[in-house]
Amino acid sequence: MKAPESLRVQASTRRPPSWRAQVPVVTVVALGGGAGATARYAASLWWPAPASGFPWTIFWVNIAGCAVIGVFMVVVTEIMTAHPLVRPFFGTGVLGGFTTFSTYAVDIQKLIDRGHAATGLTYLAATPPAALTAVWLAARTTRRILKRRQP
């Protein structure tokens, strides 16, 4: 007994892209990541956090980067058609390098190791909801502003 044609699983004829097809994407992510990480490092040099204090610089870098990703994703997914390398370059590369989970985690560890557990745990608890709120508010605000501008 054979399954009806409509219920048969079709074999996929799509092949994964070759590594050569990924070279431009990897290249723009690397270039963007370098630029974003450089900007984050520059911010930490301009506004260094005291060893025992709340790491405000990285906190605000992460919040600002999340807000920018909220605006960016609305614009490139709902408003305009962007070049295929724009999202990997700016969204993954620049903003991925600018915002940082690793520095966040290291800052928490350093604070706890130096006897400032309350500050470290406050930072641990405050960053994720603040970052998620920044993305949500930025995306929502961008949609509202752009909706008002449409005829």
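**Exercise 1.** Which residues does tyrosine 123 touch, not counting residues up to four places away in sequence?

*Solution.* The model is predicted. Leaving out residues up to four places away in sequence, the contacts of tyrosine 123 are Phe54, Pro55, Ile58, Phe59, Tyr104, Asp107 and Ile108.

**Exercise 2.** Find the residues of the largest nonpolar core and the elements that give two or more residues to this core.

*Solution.* Step 1: list the members. The largest nonpolar core has 10 residues, namely Phe54, Ile58, Phe59, Ile63, Cys66, Tyr104, Ile108, Tyr123, Ala131 and Ala134. Step 2: assign them to elements. Two or more residues come from each of helix 2, helix 4 (101-113) and helix 5. Step 3: find the largest share. Helix 2 provides it, with four residues.

**Exercise 3.** Describe how helix 2 packs against helix 5.

*Solution.* Step 1: take the geometry. Helix 2 (residues 56-79) and helix 5 (residues 117-149) have axes 8 Å apart and pack at an angle of about 30 degrees. Step 2: classify the angle. Angles under 35 degrees count as roughly parallel, so helix 2 is roughly parallel to helix 5. Step 4: sort the contact residues.

**Exercise 4.** Is alanine 64 buried, exposed or partly exposed?

*Solution.* Step 1: locate the residue. Alanine 64 lies in helix 2. Step 2: apply the cut-offs. Buried means under 20% relative accessible area and exposed means over 50%; alanine 64 has 36% relative accessibility and therefore counts as partly exposed. Threonine 99 is 35 residues from alanine 64 along the chain, and their C-alpha atoms are separated by 8.3 Å.

Key. Residues are numbered from 1 along each chain as its sequence is written. This is a predicted model: local features need pLDDT of at least 70, side-chain atom pairs count only at pLDDT 80 or more; totals for chains, interfaces and linings use all residues. Side-chain values use heavy atoms; hydrogens and water are left out. Axes are lines fitted to C-alpha atoms, for helices over the stretch in contact, and angles run from 0 to 180 degrees between N-to-C directions. Angles under 35 degrees count as roughly parallel, over 145 as roughly antiparallel, 65 to 115 as roughly perpendicular and the rest as oblique. A nonpolar core is a set of buried Ala, Val, Leu, Ile, Met, Phe, Trp, Tyr and Cys residues joined through side-chain atoms within 4.5 Å. Buried means under 20% relative accessible area, exposed over 50%, partly exposed in between (1.4 Å probe, protein chains only). Contact means heavy atoms within 4.5 Å.
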